[in-house]
Amino acid sequence: RSRPLVDFGGSMQHVRALKPGIVVAQRWRIARVLGTGGFGVTYEATGHGDHERVALKEYMPVGCCSRDPRSSHVTAAPGQEGDVFRWGRERFITEAKTLARLEHPSIVKVADLFEANGTAYMALAYEPGGTLKDWLGRLGRRPTGSEVEALLWALTDALAQVHSLFLLHRDIKPDNIMMRYDGTPVLIDFGAIRSAVTEHTQLLGVNPTATAAFAVVSDGYSPPEQYDPSGRLMGPASDIYALGATA
């Protein structure tokens, strides 16, 4: 189970999430919350005419900002935490631009990237087939050797492209692998921003509570080095470890 090293409580993040029906950047209408985490909220959103669906990720780190419930505007907390918020927002945008350069059928596609409400958003292609965990449940049996082999070939090939751009996924597990209806896997929820912000907060000497919001591990899947909040020992082998644990 993915968890922050310090528990801020999922309900608090839900309270600060955008309400269904709100339109962001005059384009994306919020349908529902898909998930929350230490550095933001992910929504299901629709585009013009409701025919275009995306997973809309909003940069909103716990402990570093607040939202005006009337205007939906996000404001950085004062002091060093505010600096962390602004630096993290820039990093979020940079990571999204890099992710958009990846062209692989097993890597989620970036459909849009923009700033609004004082923060940043990334629209990702919506993959409706369910997660690998869901797929295993529907299968009702252990997957065959050939099914596992097909998954691993696709995902290791995707990771090779990720690592060639000096990126890491950082959170490979059954919940972060979507399965299309044709049986092909898609990596979602790249967590590079979390490690980057953690390192920056430590350089600034920010209090550990703010830092820990970004340090996420998934018990049973994350490699030992990921339990160090600095993330300085992580590398491509860390993703391979998590993929091996998933297999």
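**View 1. Lysine 173 counts as buried, at 7% relative accessibility.** Buried means under 20% relative accessible area, exposed means over 50%, and partly exposed lies in between (1.4 Å probe, protein chains only). The model is predicted: local features need pLDDT of at least 70 and side-chain atom pairs count only at pLDDT 80 or more, while totals for chains, interfaces and linings use all residues. Residues are numbered from 1 along each chain as its sequence is written, and side-chain values use heavy atoms, with hydrogens and water left out. Lysine 173 forms a salt bridge with aspartate 171. A salt bridge needs a side-chain nitrogen of Lys or Arg within 4 Å of a carboxyl oxygen of Asp or Glu. Here the closest N and O atoms are 3.7 Å apart.

**View 2. Arginine 53 and glutamate 44 form a salt bridge.** Their closest N and O atoms are 3.0 Å apart. Glutamate 44, at 8%, counts as buried.

**View 3. Arginine 70 and aspartate 68 form a salt bridge.** The closest N and O atoms in this pair are 3.6 Å apart. Arginine 70 is exposed, at 78% relative accessibility. Aspartate 68 is partly exposed, with a relative accessible area of 26%.

**View 4. Salt bridges link Arg27, Glu52 and Asp112 in a network.** How many salt bridges are there? The count comes to 12.

**View 5. Aspartate 239 is buried yet has no salt bridge.** Aspartate 239 sits in helix H7, which covers residues 236-246. Helices are DSSP runs of H or I with at least four residues, strands are runs of E with at least two, and both are numbered from the N terminus. Which side chain of opposite charge is nearest to aspartate 239? It is that of arginine 170, 7.0 Å away. For charge, Lys and Arg count as positive and Asp and Glu as negative; His and the chain ends are not counted. Aspartate 239 also has contacts, meaning heavy atoms within 4.5 Å. Leaving aside neighbours within four places in sequence, aspartate 239 touches Leu159, His163, Leu168, His169, Arg170 and Ile172.

View 6. An α-helix has 3.6 residues a turn, so residues three or four places apart point the same way.

**View 7. Tyrosine 59 and phenylalanine 92 form a tilted ring pair.** Rings of Phe, Tyr and Trp (its six-membered ring) pair if their centres lie within 6.5 Å; planes under 30 degrees apart are stacked, over 60 edge-to-face, and the rest tilted. The count comes to three aromatic pairs. In the pair shown, the ring centres are 5.7 Å apart and the planes meet at 40°, so the pair is tilted. Tyrosine 59 lies in strand E5 (residues 53-59) and phenylalanine 92 in helix H2 (residues 80-100), so the pair ties together parts that are 33 residues apart in sequence. Tyrosine 59 is buried, at 0% relative accessibility. Phenylalanine 92 is buried as well, at 2%. Ring pairs link Tyr59, Phe85 and Phe92 into a cluster.

**View 8. Alanine 25 lies in the loop between strand E2 (23-24) and strand E3 (28-36).** Glutamine 26 is in the loop between E2 and E3 too. Most residues other than glycine have a negative phi. Alanine 25, however, has a positive phi, near 55°. Glutamine 26 also has a positive phi near 55°. Alanine 25 is partly exposed, at 43% relative accessibility. Glutamine 26 is exposed, with a relative accessible area of 72%.

**View 9. The protein chain has seven helices and 12 strands.** Of its 247 residues, 49% count as buried. Residues 24 or more positions apart account for 57% of the contacts with a separation of 6 or more. The accessible surface of the chain comes to about 11,700 Å², of which 55% belongs to carbon and sulfur atoms. Accessible areas come from the Shrake-Rupley method with a 1.4 Å probe; for residues, only the protein chains shown count as cover.
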